[in-house]
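This briefing is intended for reading alongside the sequence and the structure.

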Amino acid sequence: MATLPLQSQMSLSTSYNASPRHRLVEFGDGYIQRTPIGIHHQRRTITVNHDNLDPTDATSLILFYENRLLDADYIDISSNTLLRTSGKFYLESFDVQMADNDKRSISATLIEVFDL
C-alpha cells in the first residue's frame with residue numbers, strides 16, 4: 001500500500017466519475033430490466049491534478065507515480081471533500097506538464113480496486 005503524497009495540494013480540477021456496470025435485457029414491449037454485474041458494480045475512476053508544483057514536490061510525486069508503475073501497488077487516497085469515502089486506486093497513467101522552469105503540473109488517472 002502507498003498513500004498518495006501531497007493530497008492537501010490537489011487541484012480543484014481533480015474529478016472522479018462512477019459508472020455503474022449493469023446487464024441490460026430489453027423486452028419487446030419496451031421494458032428494460034437492469035441487473036448489477038458483480039458485487040462491485042459501481043467502480044470509480046479518478047483524475048488527480050496537482051498544479052503549479054515546485055521542482056522538489058514535482059520530483060517526489062513523479063518518483064511516487066513511477067514506483068507505482070513498477071510495483072503495481074495500489075494507491076490509498078483518504079476521504080476528502082471530493083471523494084465520499086476513502087478508496088484504493090490503481091494507477092493507469094500520469095502526465096507531467098511544465099508551465100515554466102519553476103512550476104510543474106501533474107495529472108494522474110486512477111481506477112478503483114477492491115479486496116486487496
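**Overview**

Of the 116 residues in the protein, 30% are buried. The model is a predicted one.

**Fold and surface**

- Contacts between residues at least 6 apart in sequence join, in 62% of cases, residues at least 24 apart.
- The protein has an accessible surface of about 7300 Å², and carbon and sulfur atoms account for 50% of this area.
- A nonpolar patch on the surface is formed by V25, F27 and Y31, whose accessible area together is about 290 Å².

**The largest nonpolar core**

- The largest nonpolar core contains 19 residues, and those touching the most other members are L4, V48, Y65, I75, I77 and L110.
- At least two residues of this core come from each of strand 5 (42-53), helix 1 (55-71), strand 6 (75-77), strand 7 (87-98) and strand 8 (104-112).
- Helix 1 provides the largest share of the core, namely four residues.

- L4 is located in the loop between strand 1 (2-3) and strand 2 (15-20).
- L4 counts as buried because its relative accessibility is 3%, and the cut-off for buried is under 20%.
- Leaving aside residues up to four places away in sequence, L4 is in contact with M10, V48, L61, F64, Y65, I75, D76 and I77.
- Although L4 and I77 are 73 residues apart in sequence, their C-alpha atoms are 6.0 Å apart in space.
- V48, with residues up to four places away in sequence again left out, touches L4, M10, T14, Y65, I77, I106, S107, A108 and L110.

**Salt bridges**

- Side chains of opposite charge can pair when their charged atoms come close.
- Two salt bridges are present in the structure.
- One of them joins the side chains of E112 and R44, with an N to O distance of 2.9 Å.
- Because E112 lies in strand 8 and R44 in strand 5, this pair ties together parts that are 68 residues apart in sequence.
- E112 and R44 are both buried.
- D71 and R68 also form a salt bridge, in which the closest N and O atoms are 2.6 Å apart.
- D71 and R68 are three residues apart in helix 1, so about one helical turn separates them.
- With a relative accessibility of 40%, D71 counts as partly exposed, whereas R68, at 11%, counts as buried.

- D57 is situated in helix 1.
- D57 is buried but has no salt bridge.
- For D57, the nearest side chain of opposite charge is that of K103, at a distance of 8.4 Å; a salt bridge requires the nitrogen and the carboxyl oxygen to be within 4 Å.
- Apart from residues up to four places away in sequence, D57 touches L6 and Q9.

Technical notes:
Residues numbered from 1 in each chain as written. Predicted model: local features only at pLDDT ≥ 70, side-chain atom pairs only at ≥ 80, totals over all residues. Heavy atoms only, no water. Core = buried A, V, L, I, M, F, W, Y, C linked by side-chain atoms within 4.5 Å. Buried < 20%, exposed > 50% of the residue type's maximum accessible area, 1.4 Å probe, protein only. Contact = heavy atoms within 4.5 Å. Patch = residues over 30% accessible without salt bridge, like charges linked within 9 Å, V, L, I, M, F, W, Y side chains within 5 Å. Areas by Shrake-Rupley, 256 points an atom, 1.4 Å probe, with all protein chains shown as cover. Lys, Arg positive; Asp, Glu negative; His and termini not counted.
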